[in-house]
Amino acid sequence: MAEVVLQLTRAGFLALLWLFVLFALRVVRSDLYAAAGLRAALPGRSERRGRGKLPRQLIVTHGALAGTRVSLDSRPILIGRADDSTLVLDDDYASTRHARISQQGDDWYVEDLGSTNGTYLDRAKVTGPTRVPLGVPVRIGKTVIELRS
């Protein structure tokens, strides 16, 4: 009798383990498809918002520095907690050298500089140089910035 209970317990544990694995795979799959769909939607968004317009300033829309404006020229903008950053963040979730926004041609790109908590364009994590459309939020810790014309 004890042997039957042991076998049933093992089978139940194995079934729970497989349910957990399947659930985890489902979550990962939905995250991957959501991120891919979001990236595909971003260019259309930028064309609707900023057709023919070039960014002239970077504006902090949320966070401790809300309302701060940085004029854009050809120089890259360094963002982080370091004192020599162009935009110095007093944010526990920002790294010393968190991100860089730089111009390539007429487009501006955001690049995460190996930060601990990541940089997000809208809701997608930035993994390499990523074009930043007009009006699309870039989140660094608790700070949200946007490019505006």
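Visitor: How many bridges join β1 to β2?
Guide: This is a predicted model, in which local features need pLDDT of at least 70, side-chain atom pairs count only at pLDDT 80 or more, and totals for chains, interfaces and linings use all residues. Residues are numbered from 1 along each chain as its sequence is written, and side-chain values use heavy atoms, with hydrogens and water left out. Strands (E, at least two residues) and helices (H or I, at least four) are DSSP runs numbered from the N terminus, and two strands pair if DSSP finds at least two bridges between them. β1 and β2 run antiparallel, and the number of bridges joining them is three.

Visitor: Which residue in the turn of the β1 and β2 hairpin has a positive phi?
Guide: Within this strand pair, Ile59 stands opposite Arg69 of β2. Six residues lie between the two strands of the hairpin, and the one in the turn with a positive phi, about 115°, is Gly63.

Visitor: In β11, which residue is the bridge partner of Val60?
Guide: β1 also pairs with β11, in the antiparallel sense and over five bridges. The partner of Val60 in β11 is Ile145.

Visitor: Which strands stand at the edges of the six-stranded sheet?
Guide: The sheet is open, its pairing is antiparallel, and its order is β2-β1-β11-β10-β7-β8. Two of these strands each have a single partner, so one side of each is left without a neighbour in the sheet; they are β2 (69-71) and β8 (124-125).

Visitor: Is Lys125 buried, partly exposed or exposed?
Guide: Lys125 is found in strand β8, where it is the bridge partner of Tyr120. Buried means under 20% relative accessible area and exposed over 50%, with partly exposed in between (1.4 Å probe, protein chains only). At 43%, Lys125 is partly exposed.

Visitor: Which residues have the most contacts inside the largest nonpolar core?
Guide: A nonpolar core is a set of buried Ala, Val, Leu, Ile, Met, Phe, Trp, Tyr and Cys residues joined through side-chain atoms within 4.5 Å. The largest one has 22 residues, and those with the most contacts inside it are Leu58, Ile79, Leu87, Ile101 and Ile145.

Visitor: Which residue forms a salt bridge with Asp84?
Guide: A salt bridge is a side-chain nitrogen of Lys or Arg within 4 Å of a carboxyl oxygen of Asp or Glu, and the structure holds four. Asp84 lies in the loop between β3 and β4 (87-88) and Arg97 in the loop between β4 and β5, so the pair ties together parts that are 13 residues apart in sequence. Asp84 is exposed at 53%, while Arg97 is partly exposed at 38%. At 2.9 Å, N to O, the partner of Asp84 is Arg97.

Visitor: How far apart are the closest N and O atoms of Glu111 and Arg100?
Guide: These two residues form a salt bridge. Glu111 lies in strand β6 and Arg100 in strand β5, so the pair ties together parts that are eleven residues apart in sequence. Glu111 is partly exposed at 26%, and Arg100 is partly exposed at 27%. The closest N and O atoms are separated by 3.4 Å.

Visitor: Is Glu146 buried or exposed?
Guide: Glu146 meets Arg148 in a salt bridge at 2.8 Å, N to O. Arg148 is partly exposed at 34%. Glu146, at 14%, counts as buried.
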